[in-house]
Amino acid sequence: MKRSRMTKLPRTLVLVGMMGAGKSTIGRRLATRLGVDFVDADAEIEAAAGCSIEDIFEIHGEAAFRDGERRVIARLLEGPVHVLATGGGAFCDPRTRAEIRARGISVWLRADLDLLLRRVARRNNRPLLKNGDMRETLERLLAERSPLYAEADIVVDTAEGPAEDTAERVLAALRAHLAERPELTADHAADTSS
Ligand code: S3P
């Protein structure tokens, strides 16, 4: 696939979507293409908490995890523009979603159930998938969360195949979004001139 020209990113690009959608893999490629850093919110949460996400869920519970997740994402959104991969539930928390919508450009990496299932089955470290039937849980979460993910600024379908192709489609959609929202680029010019 032909490589597109570089786009200047006026706000942090926030990847949202289900576990297994490829947010980290695509995010790393996007960051390289955009010439900015890549940050994984889950890794930042683990660093801030000093323990793994599995342990946070087990010891403190999901509500405490969501709280920490919201604080970490809010802090990251205040920092320099970058590409941010969020955990699957982040954009479903109303306050985290509001932060992302106010300060970032959100991209839903949409993938169908079979693809998600094939991807998540490779690792067994996700607390929400540990108990019960993995397919049923993923199917339920996908149904509950899709209307929320659909509030993202940009929606890109992912499929099996080279991550570079998906990254390229995200970049094309990002350029179209920025063309429709010239005020975003103007915001940035104002921010960086002060
Ligand atoms: C979660 C997804 C995980 C992680 C946590 C909760 C979710 O991140 O944040 O296990 O609620 O979907 P990934 O989407 O990176 O797997």
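Okay, quick housekeeping. Since the model is predicted, local features need pLDDT of at least 70 and side-chain atom pairs count only at pLDDT 80 or more, while totals for chains, interfaces and linings use all residues. Residues are numbered from 1 along each chain as its sequence is written, and side-chain values use heavy atoms, with hydrogens and water left out.

Ligand first. There are 13 residues around the ligand, the closest being Lys 23, Asp 42, Arg 66, Arg 126 and Arg 145; to be near, a residue needs a heavy atom within 4 Å. For polar contacts, meaning pairs of N or O atoms within 3.5 Å, a side-chain N or O of Asp 42 sits 2.8 Å from a ligand oxygen. Arg 66 has a polar side-chain atom 2.7 Å from a ligand oxygen, and for Arg 126 the side-chain N or O is also at 2.7 Å from one. On its own the ligand exposes 380 Å², and the protein buries 91% of that, by Shrake-Rupley with a 1.4 Å probe.

Next, the helices, which are DSSP runs of H or I, at least four residues. Helix 4 (residues 62–78) and helix 5 (residues 94–103) have axes, lines fitted to C-alpha atoms over the stretch in contact, that come within 9 Å and cross at roughly 10 degrees. So the two are roughly parallel, the label for angles under 35 degrees.

Last one: Arg 119, in helix 6 (residues 113–120). Leaving out residues up to four places away in sequence, Arg 119 touches Gly 20, Ala 21, Gly 22, Ala 159 and Glu 160, contact being heavy atoms within 4.5 Å.

Notes. Axes are lines fitted to C-alpha atoms, for helices over the stretch in contact, and angles run from 0 to 180 degrees between N-to-C directions. Angles under 35 degrees count as roughly parallel, over 145 as roughly antiparallel, 65 to 115 as roughly perpendicular and the rest as oblique. A polar contact is a pair of N or O atoms within 3.5 Å; within protein, one must be able to donate a hydrogen and the other to accept it, and residues adjacent in sequence count only if both atoms are side-chain atoms.
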